[in-house]
Every structure is written in structure tokens, then in C-alpha cells.
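I opened my notebook to look up a few things in this structure. Here is what I was looking at.

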Amino acid sequence: VTQDGQHIEVFANVNRVADAEQAVEYGAEGVGLMRTEFLFLESGETPTEDEQYQLYCDMARALKGRPLTIRTLDIGGDKQVPHLNLPKEDNSFLGIRGIRLCMARPDLFEPQLRAIYRAAKDTGNIRVMFPMISTISELEQVIAKCEAIRSEVNAPKVELGIMVEVPSTAILADHFAKLVDFFSIGTNDLTQYTLAMDRVHPQLAKQADAMNPAVLRMIDLTVRAAKAEGKWVGVCGGAASDIRGAEILTGLGVTELSITVPTIPTIKAQLRRVALTELQTLAQKALSCRTAEEVRAL
Ligand code: PEP
Ligand code: MG
């Protein structure tokens, strides 16, 4: 809670049950990003629907009623899964990645959705979000698929959100906001795609800064559009785990920061020291800066 009484939710990014338990111990109010592709990356094979169901239930129970945000598979780009033997692409970050792969591969996506909805029915604290959404029609198809699977397994409705990590989605956020319950901004990819700088390129690492005002303006657009529809916005990209980033994002109107477990106490302590009004003033100044260096100098 900031000095002027604004509650900012501090959530954790975790993939494993043991990490979820630790996150709660460190003060996390929930999980804002569970990267499910790690289930595929680590085991060397595709987990079955029942294995996924069990894991999602275990994760949700480890959080003792706090929300668990499960992100559906985000394979492709920097997250290659050798055993799937997917065709090699020249521009894998711009190819069949994330939700595009899920929609092209119902054999992967449908068991995952069934496992998620079954777990949601049994535990009651699960939210779902989709990675790499870039067009409205793709989101409409995803939502239709979810509804079909939800009724097949006779599960209750769960909160559905999208990652905002592609510029087209930030720019059309007013339209997207009408279709979802929440946005979660992925600043790692949003920075990469806004600046056209590969997120894993060693020479570009320093310049690929989410504090670049071009990225901040994308975030500002997204938050304004969400608020106009009464929806909330979180950030689960790396910028939220950085003290300065957390301050600017909060000043822009983000109300859930999903961060790495070790940074939880530091980010909470810092947010308690400041007033939201100060952060709002800071964020407005940042939006009119010309460079990331100018923003950091603030
Ligand atoms: C992001 O892009 O900021 C994000 C949280 O997703 P990932 O890092 O898994 O691509
Ligand atoms: Mg991403």
C-alpha cells in the first residue's frame, strides 16, 4: 500500500509448486504468470492432460486461495522445444509462436485447456491468459475454443486475459479490452517488438530497455483503454521486477506487478515508501522524455 493508500498487488512469476510456496512465504499475493511451456521444455516430452491437470491443481492449492494465472503455451521464438520437431523458421520471433502455434496445433492446445478448466473447477482460484495475441479475430477464435472446452468439461467461467506484448495489441487495446477481463503486459516482448531489437541479442541488450518512452507510451495507451472499459492491467515482464520500472508502471496505472520471487520484498518495501500521486507525476514526465536514459535520469 502506497503512502496515499493505493493497494498495488504484488504477484510472482513462478513455474513450479516449490517456487509457489516460496513466493507465498516472500509475501506474494498470487501468481501473475505461470509459464507452462516449461513443462514441455524440462521433461523432454509432451505432458498428458492428466499430468497437466495434476500440476495446475497442485500449484493452485499451494497458493491457498490466492489467484493463479496460467499462461497457455508460448512456444517458439526464444522458447524452442526440440521434441516437437517444429519446422525451422527464418524469423522465429515473427513466426508461428505462442497463440499462433496453439491454434495451429489443437493436439497441444485442447488437452491443455481441458486440464486448466478441470483444475479451475476443482480449485476455484485459476485465471487464464494467452500469449502473443496480435489480432482481434485470433482472440475471438481463442475465446470460442475456450467456451467450447469449458462447456465440454462443465467448468465455471474463469477470468480470461491476454498478454499485451505486440504493438498492434497495445494500439488496438480499446477493442481488445471489450473482449477480456484483464491485460497483462509482457514488457520483454513488447520492448523487442516496439524497438525491433531481438530480446536475446547480446549487442542490443543495453538499448532494449522497457523504459524507452516509446514502450512507455504503448503501456500508457493500454492502461487508458483498459480503464475506460473497467478492466485492470498487470505487468509480468521484467520491467516490473526492477525498482524504477515498478515505480513508473505503477504511476502509469498498472495495479498488479508480477515479479521474480527474490525481488518481492524489495519492490514491496519501495512502493510503501512513496505516494501514488508522486509516481503519477513521475510517469507523466517519463512519457514526455525522448530516451530511456532521460527516463532513468528522472
Ligand atoms: C514478456 O514477454 O514480457 C513475458 C512476460 O513473456 P516471456 O518473457 O515468457 O516471453
Ligand atoms: Mg513474452
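Which residue forms a salt bridge with Arg150? I looked it up in this predicted model, and the partner is Glu147, with the closest N and O atoms 2.9 Å apart. I found both residues in helix 6, three residues apart, which is about one turn of the helix. Arg150 has 15% relative accessibility, so it counts as buried, the cut-off being under 20%. Glu147, at 29%, counts as partly exposed.

Next I looked at helix 10, residues 213-228. Here Asp220 forms a salt bridge with Arg224, and their closest N and O atoms are 3.0 Å apart. The two are four residues apart in the helix, so about one helical turn separates them. Asp220 counts as buried because its relative accessibility is 12%.

Then I checked Asp242, which forms a salt bridge with Arg296 at 3.5 Å between the closest N and O atoms. This pair links distant parts of the chain, 54 residues apart: Asp242 sits in the loop between strand 7 and helix 11, and Arg296 in helix 14. Asp242 is partly exposed at 27%, and Arg296 is partly exposed at 44%.

I also noted that the structure holds 26 salt bridges.

My next entry is on helix packing. The axes of helix 3 and helix 5 come within 8 Å and cross at roughly 40°, so these helices are oblique to each other. Helix 5 and helix 6 have axes that come within 9 Å and cross at roughly 55°, and this crossing is right-handed.

How values were computed: Residues numbered from 1 in each chain as written. Chains lettered and ligands numbered in written order. Predicted model: local features only at pLDDT ≥ 70, side-chain atom pairs only at ≥ 80, totals over all residues. Heavy atoms only, no water. Axes fitted to C-alpha atoms, helices over the stretch in contact; angles between N-to-C directions. Parallel < 35°, antiparallel > 145°, perpendicular 65-115°, else oblique. Left-handed = near helix turned anticlockwise from the far one by under 90°. Salt bridge = Lys/Arg side-chain N within 4 Å of Asp/Glu carboxyl O. Buried < 20%, exposed > 50% of the residue type's maximum accessible area, 1.4 Å probe, protein only.
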